[in-house]
Amino acid sequence: MSPSGDSQRVDLLPGTLEIIVLRTLTTMGPQHAYGIAARIEQVAEEAIRLTPGTLYPALVRLEQKGWIKGAWQTTENNREARYYTITRAGARALTEQADWWHRSAGLVNRLLASEGE
């Protein structure tokens, strides 16, 4: 089956979408929601499919935490869209969350590897 097939899709663990959005904004600079979703899907080789019902609540949570800031701007297609930028607090949070993720993933990998012993 192709990488975009349903059997290849990945369900994100709670909280991981926020880390991914912060990383995307760090890499790409200010983006509107469609641009964020398109980039994440591209990097994930379409193993992740983001819907507005998934992405927008994450953006609201990030904005409420002060980790991103949104501002209305005109897109390249001359439409109004909310562009999001990572804040200094968001950059610190990304570092902390990424460290947590690496420790957690390392632990799970170690535990899974030891199961065969």
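Trainee: Is W100 buried, partly exposed or exposed?
Mentor: This is a predicted model. The relative accessibility of W100 is 39%. Buried means under 20% and exposed means over 50%. That value lies in between, so W100 counts as partly exposed.

Trainee: What about W101: buried, partly exposed or exposed?
Mentor: The relative accessible area of W101 is 33%. The in-between class runs from the 20% cut-off to the 50% one. So W101 is partly exposed.

Trainee: What kind of aromatic pair do W100 and W101 form?
Mentor: The count comes to 1 aromatic pair. In the pair of W100 and W101, the rings are 6.1 Å apart, centre to centre. Planes under 30 degrees apart count as stacked, and those over 60 as edge-to-face. Here the planes make 55°, so the pair is tilted.

Trainee: In what order do the 3 strands of the open sheet lie?
Mentor: The edge strands are β1 (31-32) and β2 (68-74), each pairing on one side only. Strand β3 (residues 80-86) is joined to β1 by 2 bridges, and the two run antiparallel. The order is β1-β3-β2.

Trainee: Which residue of β3 is the bridge partner of H32?
Mentor: Look along β3, residues 80-86. There, the partner of H32 is Y83.

Trainee: How far apart are the end C-alpha atoms of α1?
Mentor: Helix α1 covers residues 16-28 and packs on the sheet. At 1.5 Å a residue, its 13 residues should span 18 Å. The model agrees, because the end C-alpha atoms are apart by 18 Å.

Conventions
Residues are numbered from 1 along each chain as its sequence is written. This is a predicted model: local features need pLDDT of at least 70, side-chain atom pairs count only at pLDDT 80 or more; totals for chains, interfaces and linings use all residues. Side-chain values use heavy atoms; hydrogens and water are left out. Two strands pair if DSSP finds at least two bridges between them. Helices (H or I, at least four residues) and strands (E, at least two) are DSSP runs, numbered from the N terminus. Contact means heavy atoms within 4.5 Å. Axes are lines fitted to C-alpha atoms, for helices over the stretch in contact, and angles run from 0 to 180 degrees between N-to-C directions. The expected span of a helix is 1.5 Å times one less than its number of residues. Rings of Phe, Tyr and Trp (its six-membered ring) pair if their centres lie within 6.5 Å; planes under 30 degrees apart count as stacked, over 60 as edge-to-face and the rest as tilted. Buried means under 20% relative accessible area, exposed over 50%, partly exposed in between (1.4 Å probe, protein chains only).
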